[in-house]
Amino acid sequence: MEKYKNLRAVYEKYPNAYFIMYCGEFYIEYGTLKEDSPELDIEPWNGEVNIYTFNGVLYASFNVDSFFD
């Protein structure tokens, strides 16, 4: 599994990745992002974005401390 420091780095390499944000047991599915999406500047709480493939779809998942950072 590849790991990246932020969403922008993932987006630059995999612009069609499907993004998922986790906050504790809750999650928000962002879907695919655009170059000007504000979510690209979100910093994961552990400093990592995980890349994996499931059923042929490339996913980028990341964790945040709260939805209101």
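Two strands pair if DSSP finds at least two bridges between them. The views below show a predicted model.

**View 1. The hairpin of strand 4 and strand 5.** Strand 4 and strand 5 are paired over 6 bridges in the antiparallel sense. Within this pairing, F54 stands opposite V57 of strand 5. The two strands form a hairpin with 2 residues between them. In the turn, N55 has a positive phi of about 50 degrees.

**View 2. The pairing of strand 1 with strand 4.** Strand 1 (residues 2-4) joins strand 4 (residues 49-54) through 3 bridges, again in the antiparallel sense. K3 has N50 in strand 4 as its bridge partner.

**View 3. The ring pair of Y22 and Y27.** The whole structure contains 5 aromatic pairs. In one of them, the ring centres of Y22 and Y27 are 5.9 Å apart, and the pair is tilted because the planes stand at 45 degrees. Y22 is partly exposed, at 30% relative accessibility. Y27 is also partly exposed, its relative accessible area being 48%.

**View 4. The ring pair of Y30 and F62.** The ring centres of Y30 and F62 lie 6.4 Å apart, and their planes are at 0 degrees, so the pair is stacked. Y30 belongs to strand 3 (residues 26-31) and F62 to strand 5 (residues 57-63); the pair therefore ties together parts 32 residues apart in sequence. With a relative accessible area of 24%, Y30 is partly exposed, whereas F62, at 1%, is buried.

**View 5. A cluster of tyrosine rings.** Y18, Y52 and Y59 are linked into a cluster by ring pairs.

Terms used: Residues numbered from 1 in each chain as written. Predicted model: local features only at pLDDT ≥ 70, side-chain atom pairs only at ≥ 80, totals over all residues. Heavy atoms only, no water. Phe/Tyr/Trp six-rings, centres within 6.5 Å; stacked < 30°, edge-to-face > 60°. Buried < 20%, exposed > 50% of the residue type's maximum accessible area, 1.4 Å probe, protein only. Helix = DSSP H or I, 4+ residues; strand = E, 2+ residues; numbered from the N terminus.
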